[in-house]
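Please read it alongside the model.

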Amino acid sequence: AMGAMKDPAAASALIELAGKQSYADRSTAIEQLGRGKALESLPLLRKIVADKQESVEARRAACDALNKMQDKQSLPALLAAADDAAVDLSGRGHED
């Protein structure tokens, strides 16, 4: 079954924006991919989750997006992120 995102051009544009570390609303683009269940974005989302050089905000958004898509192949990346103390998946952030 294909993803729920009906417009391939929109999915493609969101994937491009989500892949740009310099894009200001990057986490919003990542969230939209998850909300739209854009399955073609799975490789990028898995890469963002696994990359410790990525911002915590982007990694958290990618975790949420993967969770929404319920992709079993993403489980190892999600578990690794859950073990990474830098990424608080609860969304509360760390108290210093």
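Against which helices do the buried residues of α2 pack?

1. In this predicted model, the buried residues of α2 pack against α1, α3 (42–50) and α4 (56–69), contact meaning heavy atoms within 4.5 Å. Helices are DSSP runs (H or I, at least four residues) numbered from the N terminus.

2. Local features need pLDDT of at least 70 and side-chain atom pairs pLDDT 80 or more, whereas totals for chains, interfaces and linings use all residues. Residues are numbered from 1 along each chain as its sequence is written, and side-chain values use heavy atoms, without hydrogens and water.

3. Arg26, Ser27, Ala29, Ile30, Leu33 and Gly34 are the buried residues of α2 (under 20% relative accessible area, 1.4 Å probe, protein chains only). They lie on the same side of α2 because they cover an arc of only 160° around the axis, taken from the directions from the helix axis to the C-beta atoms.

4. Helix α1 (residues 8–18) and helix α2 (residues 26–35) have axes that come within 8 Å and cross at roughly 140°; axes are lines fitted to C-alpha atoms over the stretch in contact, and angles run from 0 to 180 degrees between N-to-C directions.

5. From α1, Ala11, Leu14, Ile15, Leu17 and Ala18 meet Arg26, Ala29, Ile30, Gln32 and Leu33 of α2.

6. Serine 12 is located in helix α1 and is partly exposed, at a relative accessible area of 44% (the class between 20% and 50%). Its C-alpha atom is separated by 9.1 Å from that of alanine 38, 26 residues apart along the chain.

Terms used. Helix = DSSP H or I, 4+ residues; strand = E, 2+ residues; numbered from the N terminus.
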